[in-house]
Amino acid sequence: YSGKKPVQSVTDSMIGMKVRDFQSIPVVVAENVSVYDAICHMFLEDVGTLFVVNNSSLLTGVLSRKDLLRTSIGNTELDKIPVHVIMTRMPNITYCEKQDTLLQAAKKMIEKQIDSLPVVVGNEEGFEVVGRITKTNITAAFLSLSDDHEL
Ligand code: ADP
């Protein structure tokens, strides 16, 4: 006996997958950080997306690899450009919450053609970033189905 669940219960397991069970730690930078420093941060933290927060630690923007590459082409003064000038900003940020299903999060990423979502907790002031969901998390969740089930 393998101890694995029967293949028939895969759909129940999929529907039951929550953002909170698969999310990663978010990597955030301040709005006034330079594009140069953001690039260094992205490499050092080994992530593809940085979330930008204000002085109150509330989400104000998103920086992807291509945002940083686009700015870097033909620009020699990357240390003088603050990231808030080039980031995708609120209210145009697609996010999720930890009680959301992973299927809902996956659907948002595919529909918006983006690689990651901030996991947020909202209050009167705005959104605090508590996690991150990427396509890698979705792939890991997909793989966990074959670990947990008799496939
Ligand atoms: P890359 O640019 O590295 O391919 P993405 O596909 O994730 O990465 O990003 C594409 C564009 O969408 C970028 O301009 C980025 O700022 C923006 N973006 C990324 N994630 C989000 C998000 N969660 N909400 C809104 N915009 C986003």
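Predicted model: local features only at pLDDT ≥ 70, side-chain atom pairs only at ≥ 80, totals over all residues.
1. Now the overall layout. The chain has six helices and six strands. From the N terminus, the elements run α-α-β-α-β-β-α-β-α-β-β-α. The C-alpha atoms fill a box of roughly 60 × 35 × 25 Å along the principal axes. Of the 151 residues, 24% count as buried. Among contacts with a separation of 6 or more, 64% join residues 24 or more positions apart.

2. The UniProt record, an unreviewed entry, places the feature "domain: CBS" at residues 22-78 and 87-151. Residues 22-78 are 35% helix and 25% strand, and the end C-alpha atoms of this span lie 34 Å apart. Residues 87-151 are 38% helix and 26% strand. The end C-alpha atoms of residues 87-151 are 43 Å apart.

3. Next, the sheet. Four strands form an open sheet in the order β1-β2-β3-β4, with mixed pairing. β1 (28-30) and β4 (88-89) stand at the edges. Each has a single partner strand, so one side of each is left without a neighbour in the sheet. β2 and β3 run antiparallel and are joined by five bridges. Thr 49 has Ser 64 of β3 as its bridge partner.

4. The largest nonpolar core holds 26 residues. Ala 38, Leu 50, Val 52, Leu 63 and Val 83 touch the most other members. At least two core residues come from each of α3 (35-45), β2 (49-53), β3, α5 (102-112), β5 and β6 (127-134). The largest share, four residues, comes from β2.

5. Leu 63 deserves a look of its own. What is Leu 63 in contact with, leaving aside its neighbours within four places in sequence? The list is Ala 38, Thr 49, Leu 50, Val 52, Leu 68, Val 83 and Met 87. Among these, Ala 38, Leu 50, Val 52 and Val 83 are also named with Leu 63 as touching the most other core members.

6. Most residues other than glycine have a negative phi, and most peptide bonds are trans. Met 90 and Pro 91 are joined by a cis peptide bond, with omega about 5°. Pro 91 lies in the loop between β4 and α5.

7. Asp 46 is not a glycine, yet has a positive phi of about 55°. Asp 46 sits in the loop between α3 and β2. Is Asp 46 buried or exposed? Asp 46 counts as exposed because it has 7 C-beta neighbours inside 10 Å, and the cut-off for exposed is 12 or fewer.

8. Ser 57 also has a positive phi, near 65°. The place of Ser 57 is the loop between β2 and β3, the two antiparallel strands of point 5. Ser 57 has 13 C-beta neighbours inside 10 Å, so this residue counts as partly exposed.

Technical notes. Residues numbered from 1 in each chain as written. UniProt positions renumbered as here; feature names shortened; annotations may be inferred. Buried ≥ 20, exposed ≤ 12 C-beta atoms within 10 Å, placed from the backbone. Contact = placed C-beta atoms within 7 Å. Core = buried A, V, L, I, M, F, W, Y, C linked by C-beta atoms within 7 Å. Pairing = 2+ DSSP bridges.
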